[in-house]
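Hi everyone, thanks for coming. I'd like to take a few minutes to walk you through one model, so please have a look at the screen.

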Amino acid sequence: NVMNRFKNILCIVNTDAHNSVVVEHAVKLAEKNHATLTIVEVIDEIPPNTTLFERTLSSVDLQEKIIEAHQNRLQELVSPWNQKIQIKSKVLTGILFLEVIYEVLRNQHDLVFKTTESGVLLNRIFGSDDMHLLRKCPCPVWLVKPESPKTYQTILAAVDVDDDYPPEEQNTRHLLIQQILKMASSLAMSEHAELHVIHAWLAKYEGAMRDAFIATPEDEVASYVESVKQRHTLTLDKKLDKLDKDILGCIKPKKHLIKGEPRREIPAFAKKIKADIVVMGTVDRTGISGFFMGNTAETILNQLDCSVLAIKPPGFVTPVTLDDQDIDIV
């Protein structure tokens, strides 16, 4: 079971908000995996020279008192689960996404759970800290929608099996697809959920062939489109065949090859099947250094209205380093 590989889980909460669903998911996975679980809250740093109600508490004392209050609330939050599993808790101060990534780098966490914060734009489900984590966090990020169910019934894995990429990228993409499929299928197993696998494809030269200058006969265009579809179907089948036979026998994933732009088709399909969670990669082009999250992935994420488990390709290196900790990042 590939979900078993998570042994050091980090769960981000906000003690002023509703956290029970995200903590429950994190506890459930940690229990199953005999993993360590650390629950963290990141609070704002108090600027020096802050005076509060004219009292002469120094900003350091004030910060300590606030941290202590949050630490107590964190302990209250985790106490119902403490009988089942040992949970570490800590309060950090600073910019949320940076502190989370520093924590992952310092303690080699292999999965981050977090409740989604809604974005500033009304139609966006993820806020800016979420998007920063999706772009830059070195390990998988599981964003849980606060109103999502405690157990998932419908899981959607989104993969891009197009083989039109430079050879050095092909291998990384192949490994990423395997990871997405393995993770989605083992999650479907543990949740007794239905698994759907989607690949949105395009026939690249269809438009050009129909162009008045080229004016290809319609039956030739149709046979070209059909051949592209067949190639994509075959590639997807091959990727699914690499999954564990026992898992495939148990969950029988439903395949969906949909013709169209991924950025439009994947969110629309997730909505149509009422997916509880989408498992997907967040890097479009793996060969370009410094290219953290592609436009397609970002556009898809901004239209999803459900939980997300986002996976980085092997070899992904976060642009955030522990050396940055002393630098003020604006």
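First, the ground rules. This is a predicted model, so to speak of local features we need pLDDT of at least 70, and side-chain atom pairs count only at pLDDT 80 or more, while totals for chains, interfaces and linings use all residues. Residues are numbered from 1 along each chain as its sequence is written, and side-chain values use heavy atoms, with hydrogens and water left out.

Now the overall picture. The protein has 10 helices and 10 strands; these are DSSP runs numbered from the N terminus, with helices being H or I of at least four residues and strands E of at least two. Of its 330 residues, 50% count as buried, where buried is under 20% relative accessible area, exposed is over 50%, and partly exposed is in between, with a 1.4 Å probe and protein chains only. Take the contacts with a separation of 6 or more: 77% of them come from residues 24 or more positions apart. A contact here means heavy atoms within 4.5 Å.

On to the sheet. In what order do the 10 strands of the open sheet run? The order is E3-E2-E1-E4-E5-E10-E9-E6-E7-E8, and the pairing is mixed. At the edges sit strand E3 (87–93) and strand E8 (254–259), each pairing on one side only. Two strands pair if DSSP finds at least two bridges between them. From one strand to the next, the twist averages 20°. Helix H5 (residues 167–191) packs on this sheet, touching E5, E6, E7, E9 and E10, and its direction makes about 175° with that of E6. For those angles, axes are lines fitted to C-alpha atoms, for helices over the stretch in contact, and values run from 0 to 180 degrees between N-to-C directions. If you zoom in on E9 and E10, they run parallel and are joined by 5 bridges, with Val279 opposite Leu309 in E10.

Lys114 sits in strand E4 (residues 111–115), and it counts as buried because its relative accessibility is 5%. Its contacts, not counting residues up to four places away in sequence, include Asp130, Trp142 and Val144. Glu41, in strand E2 (residues 36–43), counts as buried too, because its relative accessibility is 2%. Glu41 and Ile67 are 26 residues apart in sequence, and their C-alpha atoms are 9.7 Å apart.

Gln108 has a positive phi of about 50° although it is not a glycine; you'll find Gln108 in the loop between helix H3 (96–107) and E4. Is Gln108 buried or exposed? Gln108 is exposed, because its relative accessible area is 59%. Lys274, also not a glycine, has a positive phi of about 55°. Lys274 is in the loop between H9 and E9, and it counts as exposed because its relative accessible area is 65%.
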